[in-house]
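This briefing describes the fold, the packing and the aromatic residues of the protein shown below. Please read it alongside the sequence and the model.

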Amino acid sequence: MEYVVVAFRSRAHTVAFHQFLSRYNVSSEIVNTPKEAGVGCGLSVKVSKSVFSAVKTAVSYSNYNSFAGFFLVKHVGGKRLVRSI
């Protein structure tokens, strides 16, 4: 299982970005930021890897100055692997 986490340093920006994606029918979920990422406010937006390109574009055109990064999360053999992308 692989997915992308969009981390922000602001809970308000996390919620606002999730709502923005919902308005454009992009499936997303608010989740706890993986501790392995070491950034953010504790909440992030989880999206499918298949929509990463569109989500990346949306963040680049947004005004979310609290954006902290994108992280690929993989579950392998019962372990969670997180890396910045």
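Phe70 counts as buried, at 7% relative accessibility, where buried means under 20% relative accessible area, exposed over 50% and partly exposed in between, with a 1.4 Å probe and protein chains only. The model is a predicted one, in which local features need pLDDT of at least 70 and side-chain atom pairs count only at pLDDT 80 or more, whereas totals for chains, interfaces and linings use all residues. Residues are numbered from 1 along each chain as its sequence is written, and side-chain values use heavy atoms, with hydrogens and water left out.

**Aromatic residues**

- Phe70 forms an aromatic pair with Phe67 that is tilted, at 4.8 Å centre to centre and with 55 degrees between the planes; rings of Phe, Tyr and Trp (its six-membered ring) pair if their centres lie within 6.5 Å, and planes under 30 degrees apart count as stacked, over 60 as edge-to-face and the rest as tilted.
- Phe67 is partly exposed, with a relative accessible area of 26%.
- By this rule the protein has 8 aromatic pairs, and in the pair of Phe8 and Phe17 the ring centres are 5.5 Å apart and the planes stand at 55 degrees, so this pair is tilted.
- Phe8 is buried at a relative accessible area of 0%, and Phe17 is buried with a relative accessible area of 0%.
- One aromatic cluster is formed by Phe8, Phe17, Phe20, Tyr24, Phe52, Tyr64, Phe67 and Phe70.

**Sheet**

- The secondary structure comes to 2 helices and 5 strands, taken as DSSP runs numbered from the N terminus (helices H or I, at least four residues; strands E, at least two), and along the sequence the pattern reads β-α-β-β-α-β-β.
- The 5 strands form an open sheet in the order β2-β3-β1-β4-β5 with antiparallel pairing, two strands being paired if DSSP finds at least two bridges between them.
- β2 (28-32) and β5 (79-84) stand at the edges with a single partner strand each, so one side of each is left without a neighbour in the sheet.
- Neighbouring strands of this sheet are turned by 35 degrees against each other on average, direction ignored; axes are lines fitted to C-alpha atoms, for helices over the stretch in contact, and angles run from 0 to 180 degrees between N-to-C directions.
- Strand β4 (residues 67-76) pairs with β5 in the antiparallel sense over 6 bridges, and Leu72 stands opposite Arg83 in β5.

**Helices on the sheet**

- Helix α1 (residues 11-23) lies across β1 (2-8), β2 and β3 (43-48), and runs at about 25 degrees to β3.
- Helix α2 (residues 52-60) packs on the sheet and touches β1, β3 and β4, its direction making about 160 degrees with that of β4.
- His18 lies in helix α1 and counts as buried, at 19% relative accessibility.
- Leaving aside neighbours within four places in sequence, His18 is in contact (heavy atoms within 4.5 Å) with Ser28, Glu29, Ile30 and Val45.

**Overall dimensions and packing**

- The C-alpha atoms fill a box of roughly 35 × 25 × 20 Å, taken along the principal axes.
- Of the 85 residues of the protein, 41% count as buried.
- Among contacts with a separation of 6 or more, residues 24 or more positions apart account for 64%.
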